[in-house]
There are 2 protein chains.
Amino acid sequence: MTSQDKTITPLRVASLASQVHDALTEMLLSGELRPDDRIPMRELAERLGVSVMPVRDAVARLVAQQALVVLPNRAVAVPLLTRGQFRDLTEVRVHNETHAAALAARHATPAQVAALRQADAAFAQALGAPDAKPSVRANKELHFLLYEAAGSAVLVEVIRALWLKAGPIINLDLEQDTRRRRTAVSRALHGQLVQAVEARDPQAAADAVEADIRSAAEFILSRDILPA
Amino acid sequence: MTSQDKTITPLRVASLASQVHDALTEMLLSGELRPDDRIPMRELAERLGVSVMPVRDAVARLVAQQALVVLPNRAVAVPLLTRGQFRDLTEVRVHNETHAAALAARHATPAQVAALRQADAAFAQALGAPDAKPSVRANKELHFLLYEAAGSAVLVEVIRALWLKAGPIINLDLEQDTRRRRTAVSRALHGQLVQAVEARDPQAAADAVEADIRSAAEFILSRDILPA
DNA sequence: TTGCCCTAACTGTGATCTCAGATCGCGCGC
DNA sequence: GCGCGCGATCTGAGATCACAGTTAGGGCAA
């Protein structure tokens with residue numbers, strides 16, 4: 001290594017607050033955090049081995065992203081949406097995620113299409129795992145590969161915030177059988193989605209995403225999970 | 001007042017962090033904060049008469065909302081968007097704000113329609129003021145009355161975050177003449193918008209909002225304000 | 001004059017403490 | 001048995017301090 005070597009990437013360590021934010025994000029998306037769960041900051045700080053400051057920062061971020069709410073007694077919690085609010089969230093997701101899917105069908109690079117195929121295969125494989133985490137993660141990865149292929153960073157951020165709100169509801173820990181029935185539907189729709197992108201068919205891509213979102217939402221709304 | 005009196009609203013004082021967040025939000029939306037402006041937290045804390053803690057919280061929120069960015073040297077700043085990024089932001093705004101306008105045209109209550117008329121009149125009046133603040137505020141109020149009439153709280157929050165990003169660019173302090181030319185266009189489009197809502201015409205409402213957003217964006221892009 | 005180095009000041013991040021409000025549990029009185 | 005009051009504990013918000021990285025300015029050498 002000489003002084004002419006320009007290939008060294010500058011090292012930037014993620015702040016503790018960012019790391020806490022990432023950890024909480026993962027807990028929201030995976031369903032580990034459930035609607036109405038409290039987030040006791042001192043306890044979480046102890047659990048993560050940091051002081052309360054980075055936890056506060058991370059929580060403040062997630063409150064701003066509407067992924068957490070401050071209750072009237074100042075407690076911070078995962079929002080418990082009413083059925084109506086969940087429907088609203090679903091509609092806004094459909095509106096933005098179908099748009100991203102259509103853009104992706106038009107703009108995806110060959111490498112992105114290949115990555116989508118791989119993600120589809122990975123999702124299928126994750127369905128065989130005994131616990132839900134691999135399939136939840138594989139589902140998220142496939143969707144975000146798709147949305148990133150839309151070529152709109154702003155749209156991806158909008159969708160990311162929506163997923164933070166939806167994650168605890170959609171990924172509630174279900175019994176194995178229920179989950180298997182649910183994800184078989186997604187499996188088929190993901191297949192159609194990837195085919196639509198390959199075929200450069202924006203309408204089919206949007207339709208597949210919409211069906212995926214709606215089937216997941218109808219499943220939640222068909223069960224007595226959310227208050228009226 | 002007796003012990004049977006149920007009309008007393010519980011008093012809840014906004015936290016200092018929330019107040020700082022509101023103050024910064026206003027500064028972003030009004031154009032007082034410009035792209036690439038730094039936000040020195042200690043200085044702002046002193047200026048607002050609080051310690052640095054609530055400023056940190058507020059800044060963390062706005063970073064999460066993408067309204068502020070953390071630079072590689074850790075400084076917090078108003079994002080300086082490239083022309084491409086601004087176009088992306090504009091497209092996502094069009095996609096969501098037209099949707100909200102169409103929903104509003106379908107769902108607005110008579111009271112909301114009346115409030116829109118009033119906001120239109122207030123905007124016209126604010127155009128006569130010698131400085132830009134009243135018209136910037138009146139513009140925002142009219143738009144958010146409209147979007148709230150859509151009946152989708154999630155959609156309003158998405159739009160709010162988009163406005164936080166767009167505010168510093170769109171509301172850059174302009175000379176009087178330039179601003180007058182700009183806002184005369186908005187004036188006409190706002191009129192069409194209110195008529196479309198009154199007429200329950202979703203397509204006309206969406207078209208008016210799109211034209212409003214695009215004309216403001218094209219104005220910015222036509223000037224050498226943003227980097228390529 | 002220019003470039004490099006050093007030092008002081010600035011700045012965000014994290015730690016810790018204090019305060020005030022909320023909650024919970026227990027005891028007492030009706 | 002139930003309700004109320006009190007005290008202890010918990011909890012988030014705010015203040016303050018320390019640390020480490022960054023920046024800017026000044027001085028010196030080539």
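Which helix gives the most to the lining of the second largest pocket? Select α1(A): with seven residues, α1(A) gives the most to that lining.

This is a predicted model, where local features need pLDDT of at least 70, side-chain atom pairs count only at pLDDT 80 or more, and totals for chains, interfaces and linings use all residues. Residues are numbered from 1 along each chain as its sequence is written, chains are lettered from A in the order in which they are written, and side-chain values use heavy atoms, without hydrogens and water.

**Stop 1: the second largest pocket.** Select S15(A), S18(A), R61(A), V63(B) and V70(B); of 36 lining residues, these lie nearest the centre. A pocket is an open set of points on a 1 Å grid over the protein atoms alone, where a 1.4 Å probe fits, with protein on both sides within 12 Å along at least five of seven lines; lining residues have an atom within 4 Å of a point. The space is about 1200 Å³, a volume filled by probe spheres set on points joined across faces, edges and corners. Colour the lining by type: 20 nonpolar, six polar and 10 charged. Asp, Glu, Lys and Arg count as charged; Ala, Val, Leu, Ile, Met, Phe, Trp, Tyr, Cys and Pro as nonpolar; the others, Gly among them, as polar.

**Stop 2: the largest pocket.** This one holds about 1700 Å³. Pick V63(A), V70(A), S15(B), S18(B) and R61(B), the closest to its centre of 49 lining residues. Now show α1(B), which supplies the largest share, eight residues. Helices (H or I, at least four residues) and strands (E, at least two) are DSSP runs, numbered from the N terminus. Here the lining divides into 26 nonpolar, eight polar and 15 charged residues.
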